[in-house]
Amino acid sequence: MLTGSLIGGLAVFLSVFHGAATSIPGRSYFATVQPGQKHVEKTVNTQTDSTDMKYPIHKSKSEWKKELTDSEYRILREKGTELPFVNKYYKTDKKGVYVCAACGNKLFTSKTKYHSGSGWPAFWKPISKDAIVTKEDNNWLMKRTEVVCSQCGSHLGHVFEDGPEPTGLRYCINSVALDLVPKGQTANKSEE
Ligand SMILES: [Zn+2]
């Protein structure tokens with residue numbers, strides 16, 4: 001009798017606690033996205049992606065080092081950040097598709113690129129929701145949402161909730177992580 005009510009009480013406590021946990025700021029990956037809400041899909045913070053086995057394209061450190069330039073490796077594979085304002089796609093308005101500089105996966109189009117004033121290329125939407133993966137990034141004592149390539153897991157940049165309509169999102173992406181394939185040309189590395 002007593003034990004039963006204790007267990008019952010514990011169950012209520014746990015369910016209340018669980019309910020509360022879903023509304024803790026920063027734990028929004030537990031929350032379901034409602035229609036019309038800002039649509040940042042988050043996955044559980046994995047702390048480190050040293051294995052990267054969950055991505056379709058998996059290469060060893062030495063393979064990536066061989067294929068990428070030093071700055072590409074530092075940004076794409078070591079989550080680096082390039083300098084603002086002096087990077088190659090910050091100002092460009094050329095039409096085309098931006099693909100991952102590491103694997104050629106199509107990521108963004110020039111149609112959703114805009115001038116955010118931040119110093120890096122900014123987009124308000126990826127080319128498709130399967131193109132990228134987002135996850136919690138608590139490095140540098142800041143709570144941010146990291147954007148990585150869904151195919152190779154390479155670091156691209158971060159997404160912030162201060163973008164223009166209709167999404168209200170700002171995908172702030174390193175130029176070094178992108179290759180612009182001009183309109184009319186084929187993104188050969190990732191062509192279906
Ligand atoms: Zn990639």
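In this predicted model, strand β6 covers residues 144–149 and strand β7 covers residues 155–160. The two strands run antiparallel and are joined by four bridges. Within this pairing, V147 has G157 of β7 as its bridge partner. β6 and β7 form a hairpin with five residues between the strands. In that hairpin, G153 takes a positive phi near 75°.

β7 also pairs with strand β8, which spans residues 170–173. This pairing is antiparallel as well, and four bridges make it up. Here H158 stands opposite C172 in β8.

Strands of a sheet pair through backbone hydrogen bonds, and the pairing can be parallel or antiparallel.

Another group of strands forms an open sheet. Three strands take part, in the order β2-β1-β9, and their pairing is antiparallel. β2 (106–109) and β9 (178–182) stand at the edges; each has a single partner strand, so one side of each has no neighbour in the sheet. From one strand to the next, the twist averages 30°. Strand β1 consists of residues 96–100 and is joined to β2 by three bridges. In this antiparallel pair, Y98 stands opposite F108 in β2.

| Strand pair | Bridges | Direction |
|---|---|---|
| β6 and β7 | four bridges | antiparallel |
| β7 and β8 | four bridges | antiparallel |
| β1 and β2 | three bridges | antiparallel |

Methods
Residues are numbered from 1 along each chain as its sequence is written. This is a predicted model: local features need pLDDT of at least 70, side-chain atom pairs count only at pLDDT 80 or more; totals for chains, interfaces and linings use all residues. Two strands pair if DSSP finds at least two bridges between them. Axes are lines fitted to C-alpha atoms, for helices over the stretch in contact, and angles run from 0 to 180 degrees between N-to-C directions.
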